[in-house]
Amino acid sequence: MKQYFHSVELDADKCCGCTNCLKRCPTEAIRIHKGKAHILSERCIDCGECIRICPHHAKRAHSNPLEDIEQYKIKIALPAPALFGQFNNLDDIDIVLTGLRAVGFDFIYEVSRGAEIVSELTRNMIRDNKLRKPIISSACPAVVRLIKIRFPELCGNVMPLLAPMEVAAKLARREVRGMTGLDDKDIGVFFITPCPAKVTEINSPNHAEKSAVSGAIAISQLYPALTHAMDHLTTVESIAKSGLIGVGWATSGGEAAAMLGEKYLAADGIENVIRVLEELEDDHIRDVDFIELNACSGGCVGGVLTVENPYVAQARIHNLRKYLPVSLNHLDEKDVDAMLWEKELTYNAESFALSDDIMEAMEMMDKMEKICADLPGLDCGSCGAPTCRAMAEDIVKGVAKETDCIHKLKAKIQSVYDQLSSTL
Amino acid sequence: MSSIHLHYDVSGEDFTRAGEASGSVKKRLKALGYNTDAIRRVAIAMYEAEINMVIHAEGGFVDVDIYPDHVDILMSDKGPGIPDVEKAMQEGFSTAPDNVRNLGFGAGMGLPNIKKYTDDMRIETKIGVGTDLYLTVKVNQ
Ligand SMILES: Nc1ncnc2c1ncn2[C@@H]1O[C@H](COP(=O)(O)OP(=O)(O)O)[C@@H](O)[C@H]1O
Ligand code: SF4
Ligand code: SF4
Ligand SMILES: [Mg+2]
């Protein structure tokens, strides 16, 4: 089996095996084994639902501490547009960007700038009829990974374009190389991230061998230092170069609205996203050219590494956009090639297939149906699998046994007891 | 064991539950690592037929047999039957009522799409008795 990088991980000491995350994982990627909630690597899409739900804070996202920027001669910050929705009474993005300078970054490049360029290129590609419709946005890496493991025939509908974060990283590097004459290895590019999915995307990209981003710092981790810096600014530098199109990407519907008139659909929240993908697969969604999907409710402002309530953040983003020009960044035709994916998105059958041999898989499924029919059907999770069906699958795979089901075990003990008492 | 057999009852009462059988078959085909093009064709054909069972008949049952190289499906209902099959097969022909059309169904493309996505399609129908739809989707090598 392949190795997968994941930013979501378990802090085993804090986990008490309560089954909250088990029941909420949208890809059934969690199993509780010996009282601890382990993640099945081949199924995890790093959406962060388990981090959100865990009452004991036992699921966490791996990201870089701020100190990591010190390894580089030049330090670039790429703030996600969702960052701008995290502050009360903010009316000027430059206050946040100057704050980032104060905490140690030399150069700031808003991801919303990359977003405006991605929007323009997408519009061009739709106009030129170069893509299979409906086009599914590739901006949310949790969604892209979900399609990769569960929706084989939709892989070809995913827009083969870099996400704004990557585009911003490439353009920022180029600008800084030009200004300083430094090598890429001396330039650290750090994404200020709302979510673990982006961290995974940086470490193990879907689109290329290597990401142009060096690391990611969680919004929630940076928040105390950043707000402190913002409160103590003496001057505000003029850094921001984004229009309302780019900043709008922070919230659900923003990317789709930037399609300017194309027939679009925007869905947010992982369960809604799955419903849309299922219907697309059944060819039931027609008359739509562009589909924006965000794993988080509300869009990236709802990312699990943000601090503010997503709806409050959404309202703030809406306010901030009011005073911005439409778009301040435009596509340079010369850059188009550098913005396309280097490799195609391919289906990873291994995540859900019982075996890569169909005959063996059929035999396993046959057994599985029988085992499943014999389990109590309570989907209670106390065996460590999210449903009785998933439990049947684990038994067939040899990673669980029937008596891990406490109801089965109880019946067995009862029958032994009955036998014993009848012989007494 | 030469096939996986699956059986579903399709309720005619709750329109919002249509699509559950096709969804379940899709999930199982993915668990088998089945040919992905065949999965998509089974999903679309079954979905359309399931919707028809609910909006034109009062539900019924579905039998599915999954073989390594093809899938056989029977969709059976005890509805009103189809008076003119040839006409029903025409693109755009529909007797769906307005309330169903408002939900985005009733474009008259169901049966033509089923034909398009399957390798074999046979309709046995009798007025006042019901309709049996036999479908086969083969794995293209
Ligand atoms: N199971 C069925 N029972 C009775 N009539 C049916 C059934 N399936 C299809 N029909 C008839 O065939 C017509 C065409 O079906 P279809 O192509 O699926 O279009 P639609 O469902 O959009 O009307 C239907 O409008 C209906 O009159
Ligand atoms: S929610 Fe999951 S990770 Fe958190 S304590 Fe419960 S079982 Fe453990
Ligand atoms: S919606 Fe945004 S914040 Fe949430 S997982 Fe996707 S990219 Fe990350
Ligand atoms: Mg129909």
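Predicted model: local features only at pLDDT ≥ 70, side-chain atom pairs only at ≥ 80, totals over all residues.
Of the 141 residues in chain B, 51% count as buried. Chain B contains 5 helices and 5 strands, and these elements follow one another along the sequence in the pattern β-α-α-β-β-α-α-α-β-β. The C-alpha atoms of chain B occupy a box of roughly 40 × 30 × 30 Å along the principal axes. A compact globule of 141 residues would have a radius of gyration near 14 Å, and the value of 14 Å for chain B therefore agrees with that expectation. Among the contacts in chain B with a separation of 6 or more, 62% are accounted for by residues 24 or more positions apart.

Chain A comprises 424 residues, 56% of which count as buried. The secondary structure of chain A consists of 15 helices and 11 strands. Its C-alpha trace spans about 90 × 50 × 40 Å along the principal axes. The radius of gyration of chain A is 24 Å; this agrees with the compact-globule expectation, because a globule with 424 residues would have a value near 22 Å. Residues 24 or more positions apart make up 77% of the contacts in chain A that have a separation of 6 or more.

The domain assignment divides chain A into domain 1 (1-62), domain 2 (66-339) and domain 3 (353-424). The centres of domain 1 of chain A and domain 2 of chain A, taken over C-alpha atoms, are separated by 25 Å. To the contact between these two domains, domain 1 of chain A contributes 17 residues and domain 2 of chain A contributes 19 residues.

Two ligand surroundings in chain A were examined. Around ligand 2 there are 14 residues, and those that come nearest are Cys15(A), Cys18(A), Cys21(A), Cys54(A) and Lys59(A). By class, the shell around ligand 2 holds 9 nonpolar, 4 polar and 1 charged residues. Ligand 3 is surrounded by Cys140(A), Pro141(A), Pro194(A), Cys195(A), Lys198(A), Asn294(A), Ala295(A), Cys296(A), Cys300(A) and Gly303(A). The shell of ligand 3 divides into 7 nonpolar, 2 polar and 1 charged residues.

Two loop residues of chain A were also considered. Thr27(A) is located in the loop that joins helix H1 (20-24) to strand S2 (30-33) of chain A. Its relative accessibility is 2%, so Thr27(A) counts as buried. Apart from neighbours within four places in sequence, the contacts of Thr27(A) are with Arg43(A), Cys44(A), Ile45(A), Leu146(A), Ile149(A) and Phe352(A).

Pro134(A) lies in the loop between helix H4 (111-127) and strand S7 (135-136) of chain A. The relative accessibility of Pro134(A) is 14%; because buried means under 20%, Pro134(A) counts as buried. When neighbours within four places in sequence are left aside, Pro134(A) is in contact with Asn157(A), Leu280(A), Val288(A), Asp289(A) and Ile291(A). Pro134(A) and Glu201(A) are 67 residues apart in sequence, and their C-alpha atoms are 24 Å apart in space.

Note on methods:
Residues numbered from 1 in each chain as written. Chains lettered and ligands numbered in written order. Heavy atoms only, no water. Near = heavy atom within 4 Å. Nonpolar A, V, L, I, M, F, W, Y, C, P; charged D, E, K, R; others polar. Helix = DSSP H or I, 4+ residues; strand = E, 2+ residues; numbered from the N terminus. Rg over C-alpha atoms; globule rule 2.2 N^0.38 Å. Buried < 20%, exposed > 50% of the residue type's maximum accessible area, 1.4 Å probe, protein only. Contact = heavy atoms within 4.5 Å. Domains from an automatic or database assignment.
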